[in-house]
Amino acid sequence: MTRGIDDALSLIRAWRDQYAAYETAASNDVDDAILESAWVEYSERLRRSYPFFHPDYAGQMLKPPHPVAASGYLAAMLINSNNHALDGGPETSFMEKEVVQDLVQMFGFPLDDSLGHLTSNGTIANLEALWVSRESGSSLVLASEDAHYTHSRMAGVIGVPFRAVPVDHRGRMDLDALGRILGSNDRCTVVATAGTTGLGNVDPIADIVEMKNRYDFHLHVDAAYGGFFRTIIDDSSLLAEDTRRHLDAIAEVDSVVVDPHKHGLQPYGCGAVIFRSTSVAHLYKHDSPYTYFTSPDLHLGEISLECSRAGAAAAALWLTLKVFPLTRDGIGRILADTRSAAIEFDAAVADSDVLRMAHSPELDIVGYFGVGDSSEVDRRSHAAYTSLMDSDRPVFVSLYRLGAPRLGLDGDGQVRILRSTLMKPEHRRHVPFLVDRIERAFSSQSA
Ligand SMILES: *Cc1c(COP(=O)(O)O)cnc(C)c1O
(Lines give C-alpha, C1' and ligand atoms only; values in the text may rest on other atoms or scores of the structure.)
Protein backbone atom coordinates (compact mmCIF):
# COMPACT_ATOMS: atom_id res chain seq x y z
CA MET A 1 0.00 0.00 0.00
CA THR A 2 2.69 2.51 1.10
CA ARG A 3 4.75 1.91 -2.04
CA GLY A 4 1.70 2.74 -4.17
CA ILE A 5 0.81 5.86 -2.19
CA ASP A 6 4.41 7.11 -2.41
CA ASP A 7 4.44 6.42 -6.15
CA ALA A 8 1.19 8.34 -6.55
CA LEU A 9 2.53 11.35 -4.67
CA SER A 10 5.83 11.47 -6.55
CA LEU A 11 4.00 11.14 -9.86
CA ILE A 12 1.90 14.18 -8.94
CA ARG A 13 4.95 16.11 -7.76
CA ALA A 14 6.75 15.45 -11.05
CA TRP A 15 3.66 16.42 -13.03
CA ARG A 16 3.33 19.71 -11.20
CA ASP A 17 7.04 20.46 -11.55
CA GLN A 18 6.66 20.53 -15.33
CA TYR A 19 4.82 23.86 -14.98
CA ALA A 20 6.03 27.30 -14.03
CA ALA A 21 6.37 28.13 -10.34
CA TYR A 22 3.65 30.43 -8.98
CA GLU A 23 2.72 32.03 -5.69
CA THR A 24 0.00 30.22 -3.74
CA ALA A 25 -2.88 32.25 -2.26
CA ALA A 26 -3.00 32.87 1.46
CA SER A 27 -6.77 32.25 1.50
CA ASN A 28 -6.03 28.57 0.96
CA ASP A 29 -3.78 28.41 4.03
CA VAL A 30 -4.98 26.64 7.15
CA ASP A 31 -4.30 27.15 10.81
CA ASP A 32 -2.17 24.26 12.07
CA ALA A 33 -3.92 24.01 15.43
CA ILE A 34 -7.38 23.96 13.88
CA LEU A 35 -6.35 21.38 11.35
CA GLU A 36 -4.77 19.25 14.02
CA SER A 37 -7.85 19.19 16.20
CA ALA A 38 -10.14 18.59 13.21
CA TRP A 39 -7.94 15.69 12.25
CA VAL A 40 -8.10 14.22 15.76
CA GLU A 41 -11.88 14.31 15.68
CA TYR A 42 -11.93 12.94 12.14
CA SER A 43 -9.72 10.00 13.13
CA GLU A 44 -11.97 9.17 16.05
CA ARG A 45 -14.99 9.20 13.79
CA LEU A 46 -13.48 7.05 11.05
CA ARG A 47 -12.07 4.53 13.50
CA ARG A 48 -15.64 3.63 14.38
CA SER A 49 -16.08 2.11 10.89
CA TYR A 50 -16.77 -1.59 10.56
CA PRO A 51 -13.61 -3.51 9.58
CA PHE A 52 -14.55 -4.14 5.96
CA PHE A 53 -10.96 -5.10 5.17
CA HIS A 54 -10.89 -7.98 7.68
CA PRO A 55 -12.11 -11.52 6.99
CA ASP A 56 -14.10 -11.38 10.26
CA TYR A 57 -16.30 -8.99 8.29
CA ALA A 58 -18.47 -11.35 6.24
CA GLY A 59 -21.65 -9.35 5.92
CA GLN A 60 -22.64 -7.00 3.11
CA MET A 61 -20.93 -6.45 -0.26
CA LEU A 62 -18.15 -4.34 1.18
CA LYS A 63 -14.38 -4.38 1.01
CA PRO A 64 -11.70 -1.73 0.51
CA PRO A 65 -10.25 -1.16 -2.96
CA HIS A 66 -7.16 -3.12 -3.90
CA PRO A 67 -3.99 -1.12 -3.06
CA VAL A 68 -3.25 -0.83 -6.79
CA ALA A 69 -6.67 0.74 -7.38
CA ALA A 70 -6.30 2.99 -4.33
CA SER A 71 -2.93 4.39 -5.43
CA GLY A 72 -4.10 4.79 -9.03
CA TYR A 73 -7.19 6.58 -7.78
CA LEU A 74 -5.21 8.84 -5.46
CA ALA A 75 -2.90 10.10 -8.22
CA ALA A 76 -5.74 10.76 -10.67
CA MET A 77 -7.93 12.27 -7.96
CA LEU A 78 -5.20 14.82 -7.21
CA ILE A 79 -5.33 15.81 -10.88
CA ASN A 80 -9.16 15.66 -10.66
CA SER A 81 -10.09 15.34 -14.30
CA ASN A 82 -13.73 15.13 -15.32
CA ASN A 83 -14.67 12.48 -17.84
CA HIS A 84 -17.73 14.35 -18.96
CA ALA A 85 -15.80 15.81 -21.88
CA LEU A 86 -12.36 15.63 -23.42
CA ASP A 87 -12.07 19.29 -22.39
CA GLY A 88 -12.08 18.15 -18.76
CA GLY A 89 -9.85 15.13 -19.02
CA PRO A 90 -8.48 13.83 -22.27
CA GLU A 91 -6.16 11.18 -20.86
CA THR A 92 -8.56 9.69 -18.33
CA SER A 93 -11.29 9.71 -21.00
CA PHE A 94 -9.03 7.68 -23.29
CA MET A 95 -8.41 5.31 -20.37
CA GLU A 96 -12.16 4.99 -19.91
CA LYS A 97 -12.63 4.04 -23.54
CA GLU A 98 -9.94 1.39 -23.15
CA VAL A 99 -11.38 -0.18 -20.00
CA VAL A 100 -14.85 -0.19 -21.53
CA GLN A 101 -13.38 -2.15 -24.45
CA ASP A 102 -11.94 -4.61 -21.91
CA LEU A 103 -15.41 -5.01 -20.37
CA VAL A 104 -16.97 -5.40 -23.84
CA GLN A 105 -14.51 -8.22 -24.46
CA MET A 106 -15.17 -9.83 -21.07
CA PHE A 107 -18.89 -9.99 -21.86
CA GLY A 108 -18.32 -11.25 -25.40
CA PHE A 109 -20.11 -8.29 -26.97
CA PRO A 110 -19.06 -7.26 -30.52
CA LEU A 111 -15.75 -5.42 -30.16
CA ASP A 112 -16.37 -2.78 -32.79
CA ASP A 113 -20.13 -2.38 -32.49
CA SER A 114 -20.79 -1.93 -28.77
CA LEU A 115 -21.26 1.28 -26.88
CA GLY A 116 -20.61 1.80 -23.21
CA HIS A 117 -19.22 3.98 -20.49
CA LEU A 118 -18.57 4.07 -16.77
CA THR A 119 -21.15 5.45 -14.36
CA SER A 120 -21.19 6.48 -10.73
CA ASN A 121 -22.69 3.13 -9.72
CA GLY A 122 -24.92 0.24 -10.70
CA THR A 123 -28.09 2.19 -10.02
CA ILE A 124 -27.35 4.84 -12.64
CA ALA A 125 -26.02 2.21 -15.06
CA ASN A 126 -29.29 0.26 -14.79
CA LEU A 127 -31.33 3.46 -15.07
CA GLU A 128 -29.59 4.23 -18.36
CA ALA A 129 -30.30 0.74 -19.70
CA LEU A 130 -34.00 1.01 -18.77
CA TRP A 131 -34.21 4.50 -20.22
CA VAL A 132 -32.64 3.36 -23.51
CA SER A 133 -35.09 0.44 -23.67
CA ARG A 134 -38.03 2.81 -23.11
CA GLU A 135 -36.75 5.15 -25.83
CA SER A 136 -36.58 2.09 -28.10
CA GLY A 137 -40.27 1.36 -27.57
CA SER A 138 -40.53 -0.84 -24.51
CA SER A 139 -43.67 -0.28 -22.42
CA LEU A 140 -43.28 -2.63 -19.44
CA VAL A 141 -40.28 -3.53 -17.28
CA LEU A 142 -40.06 -7.10 -15.95
CA ALA A 143 -37.57 -8.31 -13.37
CA SER A 144 -37.68 -11.20 -10.94
CA GLU A 145 -38.95 -10.93 -7.37
CA ASP A 146 -35.32 -11.29 -6.28
CA ALA A 147 -33.96 -8.59 -8.60
CA HIS A 148 -32.52 -5.46 -7.03
CA TYR A 149 -35.27 -3.06 -5.93
CA THR A 150 -33.69 -0.37 -8.12
CA HIS A 151 -35.48 -1.76 -11.20
CA SER A 152 -39.00 -1.14 -9.93
CA ARG A 153 -37.97 2.25 -8.58
CA MET A 154 -36.27 3.34 -11.80
CA ALA A 155 -39.20 2.08 -13.88
CA GLY A 156 -41.20 4.59 -11.82
CA VAL A 157 -38.65 7.33 -12.51
CA ILE A 158 -38.87 6.82 -16.28
CA GLY A 159 -42.66 6.38 -16.10
CA VAL A 160 -42.90 2.79 -17.32
CA PRO A 161 -45.00 0.17 -15.46
CA PHE A 162 -43.12 -2.58 -13.63
CA ARG A 163 -44.03 -6.20 -12.93
CA ALA A 164 -42.19 -8.68 -10.75
CA VAL A 165 -41.77 -12.17 -12.20
CA PRO A 166 -41.99 -15.03 -9.65
CA VAL A 167 -38.89 -17.06 -8.82
CA ASP A 168 -38.29 -20.76 -8.18
CA HIS A 169 -37.20 -22.06 -4.78
CA ARG A 170 -33.60 -21.13 -5.61
CA GLY A 171 -34.45 -17.54 -6.42
CA ARG A 172 -34.21 -17.80 -10.22
CA MET A 173 -36.74 -16.28 -12.60
CA ASP A 174 -39.64 -18.62 -13.43
CA LEU A 175 -39.65 -19.05 -17.22
CA ASP A 176 -43.30 -20.17 -17.52
CA ALA A 177 -44.46 -17.11 -15.64
CA LEU A 178 -42.22 -14.93 -17.81
CA GLY A 179 -43.59 -16.51 -21.00
CA ARG A 180 -47.18 -15.82 -19.92
CA ILE A 181 -46.44 -12.15 -19.29
CA LEU A 182 -44.51 -11.74 -22.55
CA GLY A 183 -47.33 -13.44 -24.46
CA SER A 184 -49.94 -10.99 -23.25
CA ASN A 185 -48.05 -7.69 -23.50
CA ASP A 186 -46.49 -5.50 -26.15
CA ARG A 187 -42.73 -5.10 -26.30
CA CYS A 188 -41.29 -5.46 -22.78
CA THR A 189 -37.89 -5.04 -21.20
CA VAL A 190 -36.78 -8.16 -19.38
CA VAL A 191 -34.15 -7.59 -16.70
CA ALA A 192 -32.32 -10.83 -15.90
CA THR A 193 -29.98 -10.75 -12.93
CA ALA A 194 -26.55 -12.38 -13.04
CA GLY A 195 -25.87 -12.68 -9.33
CA THR A 196 -28.70 -11.39 -7.19
CA THR A 197 -27.75 -8.98 -4.44
CA GLY A 198 -29.45 -11.19 -1.87
CA LEU A 199 -28.03 -14.66 -2.45
CA GLY A 200 -26.00 -14.39 -5.66
CA ASN A 201 -28.39 -16.34 -7.90
CA VAL A 202 -28.09 -16.25 -11.68
CA ASP A 203 -31.32 -16.07 -13.71
CA PRO A 204 -31.69 -18.56 -16.61
CA ILE A 205 -30.27 -16.08 -19.13
CA ALA A 206 -29.56 -18.65 -21.87
CA ASP A 207 -33.20 -19.79 -21.81
CA ILE A 208 -34.46 -16.21 -21.80
CA VAL A 209 -32.26 -15.49 -24.84
CA GLU A 210 -34.00 -18.39 -26.59
CA MET A 211 -37.41 -16.89 -25.82
CA LYS A 212 -36.42 -14.05 -28.15
CA ASN A 213 -37.26 -16.40 -31.03
CA ARG A 214 -40.88 -16.28 -29.90
CA TYR A 215 -41.33 -12.84 -28.35
CA ASP A 216 -39.96 -9.41 -29.12
CA PHE A 217 -38.35 -7.83 -26.06
CA HIS A 218 -35.29 -5.92 -24.90
CA LEU A 219 -33.09 -8.17 -22.77
CA HIS A 220 -31.01 -6.40 -20.18
CA VAL A 221 -28.72 -8.22 -17.76
CA ASP A 222 -27.99 -6.75 -14.37
CA ALA A 223 -24.56 -8.25 -13.71
CA ALA A 224 -23.64 -5.52 -11.21
CA TYR A 225 -22.47 -8.17 -8.78
CA GLY A 226 -21.86 -11.28 -10.86
CA GLY A 227 -20.37 -9.94 -14.11
CA PHE A 228 -16.74 -10.50 -13.19
CA PHE A 229 -17.43 -14.21 -12.61
CA ARG A 230 -17.17 -14.50 -16.39
CA THR A 231 -13.42 -14.58 -15.84
CA ILE A 232 -13.73 -18.06 -14.26
CA ILE A 233 -16.45 -19.31 -16.59
CA ASP A 234 -14.28 -22.07 -18.09
CA ASP A 235 -13.60 -23.63 -14.72
CA SER A 236 -16.11 -26.43 -14.17
CA SER A 237 -14.63 -27.17 -10.76
CA LEU A 238 -15.72 -23.73 -9.59
CA LEU A 239 -19.05 -22.97 -11.29
CA ALA A 240 -22.02 -25.25 -11.89
CA GLU A 241 -22.86 -26.20 -15.47
CA ASP A 242 -26.06 -24.10 -15.42
CA THR A 243 -24.33 -21.07 -13.97
CA ARG A 244 -21.67 -21.25 -16.66
CA ARG A 245 -24.22 -21.58 -19.43
CA HIS A 246 -26.21 -18.59 -18.21
CA LEU A 247 -23.18 -16.37 -17.62
CA ASP A 248 -21.96 -17.35 -21.08
CA ALA A 249 -25.26 -16.25 -22.65
CA ILE A 250 -24.69 -12.64 -21.53
CA ALA A 251 -22.81 -12.35 -24.84
CA GLU A 252 -26.20 -12.52 -26.61
CA VAL A 253 -28.19 -9.88 -24.69
CA ASP A 254 -28.98 -6.26 -25.60
CA SER A 255 -27.38 -4.51 -22.66
CA VAL A 256 -25.44 -5.32 -19.51
CA VAL A 257 -24.40 -3.56 -16.32
CA VAL A 258 -21.44 -4.37 -14.10
CA ASP A 259 -20.06 -2.71 -10.97
CA PRO A 260 -16.26 -2.54 -10.85
CA HIS A 261 -16.73 -1.16 -7.31
CA LYS A 262 -18.02 -4.57 -6.26
CA HIS A 263 -15.86 -7.36 -7.71
CA GLY A 264 -13.58 -5.17 -9.83
CA LEU A 265 -11.39 -4.15 -6.86
CA GLN A 266 -12.35 -0.47 -7.19
CA PRO A 267 -13.40 2.13 -4.62
CA TYR A 268 -17.00 3.35 -4.79
CA GLY A 269 -17.94 5.45 -7.74
CA CYS A 270 -17.48 2.91 -10.53
CA GLY A 271 -20.32 1.21 -12.39
CA ALA A 272 -20.58 0.51 -16.12
CA VAL A 273 -23.28 0.06 -18.75
CA ILE A 274 -22.72 -1.51 -22.17
CA PHE A 275 -25.09 -1.76 -25.14
CA ARG A 276 -24.54 -4.36 -27.81
CA SER A 277 -25.18 -1.85 -30.58
CA THR A 278 -23.74 1.59 -31.19
CA SER A 279 -27.10 2.51 -32.74
CA VAL A 280 -28.41 3.62 -29.34
CA ALA A 281 -25.98 6.58 -29.40
CA HIS A 282 -28.52 8.83 -31.13
CA LEU A 283 -30.88 8.53 -28.12
CA TYR A 284 -28.38 10.40 -25.99
CA LYS A 285 -28.07 13.17 -28.52
CA HIS A 286 -27.82 16.60 -26.94
CA ASP A 287 -25.75 19.71 -27.33
CA SER A 288 -23.64 21.42 -24.72
CA PRO A 289 -22.93 25.14 -24.86
CA TYR A 290 -20.00 24.66 -22.46
CA THR A 291 -18.05 21.66 -23.60
CA TYR A 292 -17.24 19.37 -26.52
CA PHE A 293 -15.02 22.01 -28.14
CA THR A 294 -11.56 20.54 -27.84
CA SER A 295 -11.97 17.62 -30.18
CA PRO A 296 -14.24 16.12 -32.79
CA ASP A 297 -13.68 12.74 -31.07
CA LEU A 298 -16.44 11.28 -28.95
CA HIS A 299 -16.80 13.02 -25.60
CA LEU A 300 -18.13 10.54 -23.06
CA GLY A 301 -20.72 13.06 -21.89
CA GLU A 302 -22.34 12.66 -25.30
CA ILE A 303 -23.28 9.07 -24.46
CA SER A 304 -24.00 9.38 -20.75
CA LEU A 305 -26.89 10.73 -18.68
CA GLU A 306 -24.53 11.90 -15.97
CA CYS A 307 -22.41 14.98 -16.61
CA SER A 308 -19.45 15.25 -14.22
CA ARG A 309 -17.82 11.92 -13.48
CA ALA A 310 -14.53 11.22 -11.73
CA GLY A 311 -11.75 10.66 -14.25
CA ALA A 312 -10.01 9.00 -11.30
CA ALA A 313 -12.54 6.14 -11.38
CA ALA A 314 -11.56 5.30 -14.96
CA ALA A 315 -7.85 5.77 -14.27
CA ALA A 316 -7.89 3.51 -11.21
CA LEU A 317 -9.70 0.79 -13.15
CA TRP A 318 -7.25 1.17 -16.04
CA LEU A 319 -4.25 0.70 -13.74
CA THR A 320 -5.91 -2.23 -11.96
CA LEU A 321 -6.66 -4.04 -15.22
CA LYS A 322 -3.00 -3.71 -16.26
CA VAL A 323 -2.11 -5.70 -13.15
CA PHE A 324 -5.23 -7.87 -12.89
CA PRO A 325 -6.53 -8.35 -16.45
CA LEU A 326 -10.02 -9.75 -16.97
CA THR A 327 -8.80 -13.32 -17.30
CA ARG A 328 -8.68 -16.48 -15.20
CA ASP A 329 -5.08 -15.64 -14.19
CA GLY A 330 -5.86 -11.99 -13.56
CA ILE A 331 -8.89 -10.97 -11.56
CA GLY A 332 -10.12 -14.56 -11.92
CA ARG A 333 -7.53 -15.63 -9.34
CA ILE A 334 -9.36 -13.59 -6.74
CA LEU A 335 -12.81 -14.77 -7.80
CA ALA A 336 -11.60 -18.39 -7.70
CA ASP A 337 -10.75 -17.84 -4.03
CA THR A 338 -14.03 -16.14 -3.14
CA ARG A 339 -16.06 -18.77 -5.00
CA SER A 340 -14.05 -21.53 -3.28
CA ALA A 341 -14.82 -19.92 0.06
CA ALA A 342 -18.54 -20.29 -0.70
CA ILE A 343 -18.13 -23.92 -1.84
CA GLU A 344 -16.23 -24.73 1.34
CA PHE A 345 -18.76 -22.87 3.49
CA ASP A 346 -21.55 -24.90 1.88
CA ALA A 347 -19.68 -28.15 2.61
CA ALA A 348 -19.03 -27.17 6.23
CA VAL A 349 -22.72 -26.37 6.76
CA ALA A 350 -23.69 -29.72 5.22
CA ASP A 351 -21.64 -31.35 8.00
CA SER A 352 -23.20 -29.21 10.70
CA ASP A 353 -25.98 -30.31 13.05
CA VAL A 354 -26.68 -26.70 13.90
CA LEU A 355 -26.83 -24.88 10.55
CA ARG A 356 -28.64 -25.32 7.27
CA MET A 357 -28.14 -23.55 3.92
CA ALA A 358 -31.01 -21.73 2.21
CA HIS A 359 -29.66 -23.48 -0.89
CA SER A 360 -26.18 -24.15 -2.20
CA PRO A 361 -24.54 -20.97 -3.45
CA GLU A 362 -24.05 -20.25 -7.15
CA LEU A 363 -21.42 -17.55 -6.66
CA ASP A 364 -19.84 -16.38 -3.39
CA ILE A 365 -22.83 -15.28 -1.32
CA VAL A 366 -24.22 -17.74 1.22
CA GLY A 367 -27.59 -17.76 3.02
CA TYR A 368 -28.05 -19.96 6.10
CA PHE A 369 -30.08 -20.37 9.27
CA GLY A 370 -30.26 -22.38 12.49
CA VAL A 371 -31.81 -25.86 12.35
CA GLY A 372 -34.93 -26.21 14.47
CA ASP A 373 -38.51 -25.14 14.91
CA SER A 374 -39.77 -23.28 11.79
CA SER A 375 -41.50 -20.61 13.81
CA GLU A 376 -38.21 -19.77 15.52
CA VAL A 377 -36.00 -19.25 12.45
CA ASP A 378 -36.61 -15.52 12.19
CA ARG A 379 -36.04 -14.76 15.87
CA ARG A 380 -32.99 -17.02 16.12
CA SER A 381 -31.36 -15.50 13.04
CA HIS A 382 -31.67 -12.04 14.49
CA ALA A 383 -30.37 -13.15 17.88
CA ALA A 384 -27.36 -14.87 16.29
CA TYR A 385 -26.64 -11.81 14.15
CA THR A 386 -26.57 -9.60 17.24
CA SER A 387 -24.57 -11.95 19.43
CA LEU A 388 -21.91 -12.42 16.74
CA MET A 389 -21.40 -8.67 16.64
CA ASP A 390 -21.60 -8.08 20.40
CA SER A 391 -18.52 -10.02 21.29
CA ASP A 392 -14.89 -9.35 22.21
CA ARG A 393 -13.97 -10.40 18.71
CA PRO A 394 -16.99 -9.44 16.66
CA VAL A 395 -17.93 -11.40 13.55
CA PHE A 396 -20.04 -9.45 11.09
CA VAL A 397 -22.72 -11.17 9.03
CA SER A 398 -25.89 -9.71 7.56
CA LEU A 399 -29.60 -10.51 7.59
CA TYR A 400 -31.73 -11.39 4.59
CA ARG A 401 -35.51 -11.69 4.44
CA LEU A 402 -37.31 -14.13 2.17
CA GLY A 403 -40.52 -16.17 2.00
CA ALA A 404 -40.73 -19.18 4.34
CA PRO A 405 -41.72 -21.63 1.54
CA ARG A 406 -38.39 -20.90 -0.20
CA LEU A 407 -36.68 -22.53 2.79
CA GLY A 408 -39.14 -25.40 2.97
CA LEU A 409 -40.49 -23.95 6.22
CA ASP A 410 -44.11 -23.90 7.42
CA GLY A 411 -46.26 -20.84 6.84
CA ASP A 412 -46.23 -18.30 4.04
CA GLY A 413 -44.75 -15.33 5.90
CA GLN A 414 -41.34 -13.72 5.52
CA VAL A 415 -38.42 -14.92 7.61
CA ARG A 416 -34.98 -13.53 8.21
CA ILE A 417 -31.93 -15.73 7.72
CA LEU A 418 -28.21 -14.94 7.87
CA ARG A 419 -26.27 -14.01 4.79
CA SER A 420 -22.55 -13.65 4.16
CA THR A 421 -20.85 -12.15 1.15
CA LEU A 422 -17.52 -14.01 1.00
CA MET A 423 -16.00 -11.52 -1.43
CA LYS A 424 -12.48 -11.29 -0.07
CA PRO A 425 -9.94 -13.92 -1.11
CA GLU A 426 -8.94 -14.17 2.58
CA HIS A 427 -12.38 -15.57 3.33
CA ARG A 428 -11.30 -18.89 1.91
CA ARG A 429 -8.95 -19.74 4.76
CA HIS A 430 -11.34 -18.16 7.19
CA VAL A 431 -14.31 -20.46 6.52
CA PRO A 432 -13.63 -22.92 9.39
CA PHE A 433 -13.34 -20.03 11.85
CA LEU A 434 -16.51 -18.33 10.57
CA VAL A 435 -18.60 -21.51 10.57
CA ASP A 436 -17.42 -22.38 14.06
CA ARG A 437 -18.34 -18.95 15.42
CA ILE A 438 -21.72 -18.99 13.68
CA GLU A 439 -22.50 -22.50 14.97
CA ARG A 440 -21.67 -21.42 18.49
CA ALA A 441 -23.87 -18.35 18.17
CA PHE A 442 -26.80 -20.67 17.47
CA SER A 443 -25.98 -23.51 19.86
CA SER A 444 -25.55 -21.13 22.78
CA GLN A 445 -29.06 -19.71 22.29
CA SER A 446 -31.49 -20.52 25.05
CA ALA A 447 -34.65 -22.25 23.85
C1 LIG B 1 -25.36 -3.51 -6.12
C2 LIG B 1 -26.38 -3.83 -7.12
C3 LIG B 1 -27.14 -2.84 -7.76
C4 LIG B 1 -27.03 -1.40 -7.38
O5 LIG B 1 -25.78 -0.91 -7.70
P6 LIG B 1 -25.10 0.28 -6.87
O7 LIG B 1 -23.71 0.27 -7.39
O8 LIG B 1 -25.21 -0.08 -5.42
O9 LIG B 1 -25.83 1.53 -7.18
C10 LIG B 1 -28.02 -3.25 -8.73
N11 LIG B 1 -28.18 -4.53 -9.05
C12 LIG B 1 -27.47 -5.52 -8.45
C13 LIG B 1 -27.68 -6.95 -8.85
C14 LIG B 1 -26.55 -5.20 -7.45
O15 LIG B 1 -25.87 -6.18 -6.83
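Student: In what sense do β9 and β11 pair, and over how many bridges?
Tutor: This is a predicted model. In it, strand β9 (residues 365-370) and strand β11 (residues 414-421) pair in the antiparallel sense, over four bridges.

Student: Which residue is the bridge partner of Ile365 in β11?
Tutor: Thr421 is the bridge partner of Ile365.

Student: And what order do the strands of that sheet have?
Tutor: The order is β8-β9-β11-β10, in an open sheet of four strands with antiparallel pairing. β8 (355-357) and β10 (398-403) stand at the edges. Each of these two has a single partner strand, so one side of each is left without a neighbour in the sheet. On average, neighbouring strands here are turned by 45 degrees against each other, direction ignored.

Student: Which strands does α13 lie across?
Tutor: Helix α13 (residues 377-389) lies across β9, β10 and β11, and runs at about 35 degrees to β11. Helix α14 (residues 427-443) also packs on the sheet, where it touches β8, β9 and β11. The direction of α14 makes about 125 degrees with that of β8.

Student: Let's pick a residue. Where does Ser381 lie?
Tutor: Ser381 lies in helix α13.

Student: Buried or exposed, that Ser381?
Tutor: Ser381 is buried, with a relative accessible area of 0%. Its side chain reaches the backbone oxygen of Val377 at 2.8 Å.

Student: Leaving aside neighbours within four places in sequence, what is Ser381 in contact with?
Tutor: Ser381 is then in contact with Phe369, Leu399, Arg416, Ile417, Leu418 and Phe442.

Student: New topic, aromatics. How many aromatic pairs are there?
Tutor: The count comes to nine aromatic pairs. One of them joins Tyr50 and Phe396; the pair is tilted, at 5.2 Å centre to centre with 55 degrees between the planes.

Student: Where do Tyr50 and Phe396 lie?
Tutor: Tyr50 lies in the loop between α2 (32-46) and α3 (67-79), and Phe396 in the loop between α13 and β10. The pair therefore ties together parts that are 346 residues apart in sequence. Tyr50 is partly exposed, with a relative accessible area of 47%, whereas Phe396 is buried, at 8%.

Student: Which residues form an aromatic cluster with Tyr50?
Tutor: Phe52, Tyr57 and Phe396 form one aromatic cluster with Tyr50.

Student: And what about the rings of Trp131 and Tyr284?
Tutor: Their centres are 5.1 Å apart and their planes are at 65 degrees, so the pair is edge-to-face. Trp131 lies in helix α5 and Tyr284 in the loop between β7 (271-275) and α11 (311-323), so this pair ties together parts that are 153 residues apart in sequence.

Student: Buried or exposed, those two?
Tutor: Trp131 counts as buried at 13% relative accessibility. Tyr284 counts as buried at 5%.

Student: How many residues of α5 are buried?
Tutor: Ten of its 14 residues are buried, so by the cut-off they have under 20% relative accessible area. Among them are Gly122, Leu127, Glu128 and Ser133.

Student: What span should α5 have, and what does the model give?
Tutor: At 1.5 Å a residue, the 14 residues of α5 (residues 122-135) should span 20 Å. The end C-alpha atoms of α5 are 20 Å apart, which agrees.

Student: What sits at the start of α5, and what comes just after?
Tutor: At the start of α5, a side-chain oxygen of Asn121 reaches to within 3.0 Å of the backbone nitrogen of Thr123. Just after α5, Gly137 takes a positive phi of about 105 degrees.

Student: Last topic. What is the order in the sheet of seven strands?
Tutor: That open sheet has the order β1-β7-β6-β5-β4-β2-β3, with mixed pairing. The edge strands are β1 (115-119) and β3 (162-165), and each pairs on one side only. Neighbouring strands of this sheet are turned by 20 degrees against each other on average, direction ignored.

Student: How many bridges join β2 to β3?
Tutor: Four bridges join β2 (residues 141-144) to β3, and the two run parallel. Ala143 stands opposite Ala164 in β3.

Student: Which strands does α4 lie across?
Tutor: Helix α4 (residues 90-107) lies across β1, β6 (255-258) and β7, running at about 115 degrees to β1. Helix α7 (residues 175-183) lies across β2, β3, β4 (188-193) and β5 (217-222), at about 150 degrees to β3.

Key. Residues are numbered from 1 along each chain as its sequence is written. This is a predicted model: local features need pLDDT of at least 70, side-chain atom pairs count only at pLDDT 80 or more; totals for chains, interfaces and linings use all residues. Side-chain values use heavy atoms; hydrogens and water are left out. Two strands pair if DSSP finds at least two bridges between them. Axes are lines fitted to C-alpha atoms, for helices over the stretch in contact, and angles run from 0 to 180 degrees between N-to-C directions. Contact means heavy atoms within 4.5 Å. The expected span of a helix is 1.5 Å times one less than its number of residues. Buried means under 20% relative accessible area, exposed over 50%, partly exposed in between (1.4 Å probe, protein chains only). A polar contact is a pair of N or O atoms within 3.5 Å; within protein, one must be able to donate a hydrogen and the other to accept it, and residues adjacent in sequence count only if both atoms are side-chain atoms. Rings of Phe, Tyr and Trp (its six-membered ring) pair if their centres lie within 6.5 Å; planes under 30 degrees apart count as stacked, over 60 as edge-to-face and the rest as tilted.
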